[in-house]
2 protein chains.
Amino acid sequence: MNKSEAIQALTALAHDTRLDVFRLLVEAGPEGLAIGNIGEMLDVPAATLNHHMTLMKQAGLVKCMRAGRKLIHSADYDRMDAMLSYLTKNCCQGSACFPGKGSAHD
Amino acid sequence: MNKSEAIQALTALAHDTRLDVFRLLVEAGPEGLAIGNIGEMLDVPAATLNHHMTLMKQAGLVKCMRAGRKLIHSADYDRMDAMLSYLTKNCCQGSACFPGKGSAHD
DNA sequence: TTGTTATTTCTATATTTCTAGAAATATGAA
DNA sequence: TTCATATTTCTAGAAATATAGAAATAACAA
């Protein structure tokens with residue numbers, strides 16, 4: 001992951017609705033959720049939600065597969081991991097900012 | 001750290017210049033850097049840089065102390081750690097998104 | 001006090017992001 | 001094909017963020 005990808009992922013999470021969506025998708029696990037379901041749960045109009053999902057997909061934090069007429073969205077844990085890893089490696093010089101704690105991402 | 005604080009910290013890092021600033025401050029260590037020095041290093045006008053520093057200070061990622069006529073800014077590692085911890089705990093359900101890796105933030 | 005350096009505030013403009021209704025498109029069922 | 005459901009695209013206005021020049025403020029030195 002490079003810098004602009006990391007910024008994209010950070011931006012994707014730095015929004016109230018999008019953070020809610022990501023958490024829902026993490027809870028939902030690999031089976032994921034359809035946009036319609038997410039929209040109901042969070043009470044967000046389809047067009048607005050679609051805009052946010054597009055950003056998250058572009059950032060790579062959300063994957064999407066069609067199942068019939070539903071589009072199943074799920075969280076990409078690896079991408080999230082890569083972003084956290086980028087932050088600790090490139091912004092915190094390894095574990096430098098976590099003295100005595102070590103890193104989850106060696 | 002609560003959700004809106006986490007979003008504030010994510011937003012603070014999700015910007016090209018601000019991410020550069022944070023990295024510079026991490027490299028500089030506890031001695032920190034004056035805004036003027038940062039502005040020279042990154043070639044950003046003082047007013048623009050001040051705007052970004054204000055956001056980062058509000059997000060708690062940057063601390064600031066006066067030393068003579070210079071204002072020394074330094075990275076707040078604890079805040080960064082708190083944000084990463086919030087993300088893994090609240091968005092990834094503990095170590096759920098890092099199978100077999102454990103967490104740096106227990 | 002006067003001057004110099006460092007930073008912030010004021011201000012305005014430019015740009016980007018957010019929101020969501022309406023229309024279009026895609027899928028599958030009857 | 002016709003209909004219902006699911007999602008996306010189009011569109012436009014609203015809101016937020018970014019940029020930076022100029023003026024104001026703060027600290028210290030001479």
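Reply: Let's start at a base: a polar side-chain atom of Thr48(B) lies 3.5 Å from a base nitrogen of DNA strand D, a polar contact in the sense of a pair of N or O atoms within 3.5 Å (within protein, one must be able to donate a hydrogen and the other to accept it, and residues adjacent in sequence count only if both atoms are side-chain atoms). This is a predicted model, in which local features need pLDDT of at least 70 and side-chain atom pairs count only at pLDDT 80 or more, while totals for chains, interfaces and linings use all residues. Residues are numbered from 1 along each chain as its sequence is written, chains are lettered from A and ligands numbered from 1 in the order in which they are written, and side-chain values use heavy atoms, with hydrogens and water left out.

Now widen the view. In total, 21 residues surround DNA strand D, and the closest are Gly36(A), Asn50(A), Leu71(A), Thr48(B) and His52(B); a residue is near a strand if one of its heavy atoms lies within 4 Å of it. Sugar and phosphate make up 72% of the atoms of DNA strand D that come within 4 Å of the protein. By class, this surface near DNA strand D has 8 nonpolar, 7 polar and 6 charged residues. Here Ala, Val, Leu, Ile, Met, Phe, Trp, Tyr, Cys and Pro count as nonpolar, Asp, Glu, Lys and Arg as charged, and the others, Gly among them, as polar.

Which elements supply these residues? At least two each come from helix 3 (35-42), helix 4 (46-58) and strand 3 (70-75) of chain A, and from helix 4 (46-58) of chain B. The largest share, 5 residues, belongs to helix 4 of chain B. Helices (H or I, at least four residues) and strands (E, at least two) are DSSP runs, numbered from the N terminus.

Strand 2 and strand 3 of chain A are joined by 6 bridges, where pairing asks for at least two bridges found by DSSP.

Turn next to DNA strand C. Around DNA strand C there are 21 residues, the closest being Thr48(A), His52(A), Gly36(B), Asn50(B) and Leu71(B). A base nitrogen of DNA strand C is 3.4 Å from an N or O atom in the side chain of Thr48(A). Phosphate oxygens of DNA strand C lie 2.6 Å from a polar side-chain atom of His52(A) and 2.6 Å from a polar backbone atom of Gly36(B). Helix 4 of chain A gives the most to this surface near DNA strand C, with 5 residues.

Finally, step back to His52(B), which is touched by Thr17(B), as are Leu42(B) and Val44(B), not counting residues up to four places away in sequence; contact means heavy atoms within 4.5 Å. Thr17(B) is found in helix 2 (residues 16-28) of chain B.
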